[in-house]
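Please keep the sequence and the structure in view while reading.

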Amino acid sequence: NDYFPAAQENWNNFFLIPWDARRSDINWTEGVMTVPFNTPSIPKFIPYLQVNIEDEFRFGNWNLKMDFGTFSDGPELIFEAGVVPHVNGLGGNQIVMDSNQPIEEYESQWTIRHEFGHVLGLPDCYHEFYDVNLAAYVNYQLDITDLMCSRAGNMRERIYTELKKVYGK
């Protein structure tokens with residue numbers, strides 16, 4: 001009992017959207033969550049985003065719809081050579097992908113889905129560190145079926161439930 005509150009807070013940090021990562025530009029109506037997204041300057045990236053993000057973020061009769069346009073403070077896709085893909089913070093607006101990796105590869109397709117989860121405020125539910133004794137990186141995945149935890153993961157009910165709690169009306 002002495003350790004439970006701290007353990008619960010630690011666990012929640014891996015799975016719950018923090019207050020400061022919640023977006024104010026999302027619209028949730030009748031089973032559809034609409035998210036604004038700056039239209040990429042290269043047209044081939046529109047279907048890349050739609051196929052990977054809209055097809056992944058579905059649960060039952062609910063789905064996510066990307067609203068492409070020009071938004072002064074909306075999410076955007078940026079490509080840079082040799083970067084580790086990332087978003088500029090939970091609830092951030094810049095998804096940075098490696099321009100050296102072809103978008104047709106599974107790794108790129110899974111990564112854009114995962115990184116978009118960060119745009120929505122979803123944290124990583126894995127932990128990585130370097131073990132000096134093993135001389136290797138260690139990766140702990142708290143749920144290998146979850147999109148935010150594992151490369152083998154997908155959209156799960158827990159993600160839908162968290163998104164509905166934060167953005168649903």
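Is Asp20 buried or exposed? With a relative accessible area of 72%, Asp20 is exposed, a value that, like every other value in this report, comes from a predicted model.

## Two loop residues

Asp20 belongs to the loop that runs between α1 and β1. From the C-alpha of Asp20 to that of Val51 the separation in space is 29 Å, while the two residues are 31 places apart in sequence.

Leu142, in the loop between β9 and α4, counts as partly exposed at 35% relative accessibility. Once neighbours within four places in sequence are left aside, the residues in contact with Leu142 are Trp11, Phe14, Phe15, Cys125 and Cys149. Pro36, by contrast, has its C-alpha atom 30 Å from that of Leu142, the two residues being 106 apart along the chain.

## Salt bridges

Side chains of opposite charge can pair when their charged atoms come close. The structure holds seven salt bridges, and three of them are described here, beginning with the one in which the side chains of Arg113 and Glu56 meet at 2.5 Å, N to O. This pair links distant parts of the chain, since Arg113 lies in helix α3 and Glu56 in helix α2, 57 residues apart. Both partners are buried, Arg113 at 18% relative accessibility and Glu56 with a relative accessible area of 7%.

In a further salt bridge, the closest N and O atoms of Arg158 and Asp146 are 2.7 Å apart. Arg158 lies in helix α4 and Asp146 in the loop between β9 and α4, so this pair ties together parts that are twelve residues apart in sequence. Arg158 counts as partly exposed at 23% relative accessibility, whereas Asp146 is buried with a relative accessible area of 0%. The side chains of Asp25 and Arg23 also form a salt bridge, at 2.9 Å from N to O; here Asp25 is partly exposed at 28%, while Arg23 is buried with a relative accessible area of 10%.

Glu56 is found in helix α2, which spans residues 45–56. Apart from residues within four places in sequence, Glu56 is in contact with Leu147, Asn154 and Met155, as well as with Arg113, its partner in the salt bridge already described.

Ser108, which lies in helix α3, is buried, with a relative accessible area of 1%. Which residues does Ser108 touch, not counting those up to four places away in sequence? The contacts of Ser108 are Tyr48, Met97, Gln101, Pro102 and Ile103.

Helix α4 covers residues 157–167, and its buried residues are Ile159, Tyr160, Glu162, Leu163, Val166 and Tyr167. Why can these residues be said to line one face of the helix? Seen down the axis of α4, the buried residues fall within an arc of 165°, and therefore they line one face.

The other side of α4 carries Glu157 and Lys165, which are exposed. The buried residues of α4 are covered by elements that include the helix α1 (4–15) and the strands β1 (27–29), β2 (32–38), β3 (58–59) and β4 (62–69).

Terms used:
Residues are numbered from 1 along each chain as its sequence is written. This is a predicted model: local features need pLDDT of at least 70, side-chain atom pairs count only at pLDDT 80 or more; totals for chains, interfaces and linings use all residues. Side-chain values use heavy atoms; hydrogens and water are left out. Helices (H or I, at least four residues) and strands (E, at least two) are DSSP runs, numbered from the N terminus. Contact means heavy atoms within 4.5 Å. Buried means under 20% relative accessible area, exposed over 50%, partly exposed in between (1.4 Å probe, protein chains only). The arc is that of the directions from the helix axis to the C-beta atoms. A salt bridge is a side-chain nitrogen of Lys or Arg within 4 Å of a carboxyl oxygen of Asp or Glu.
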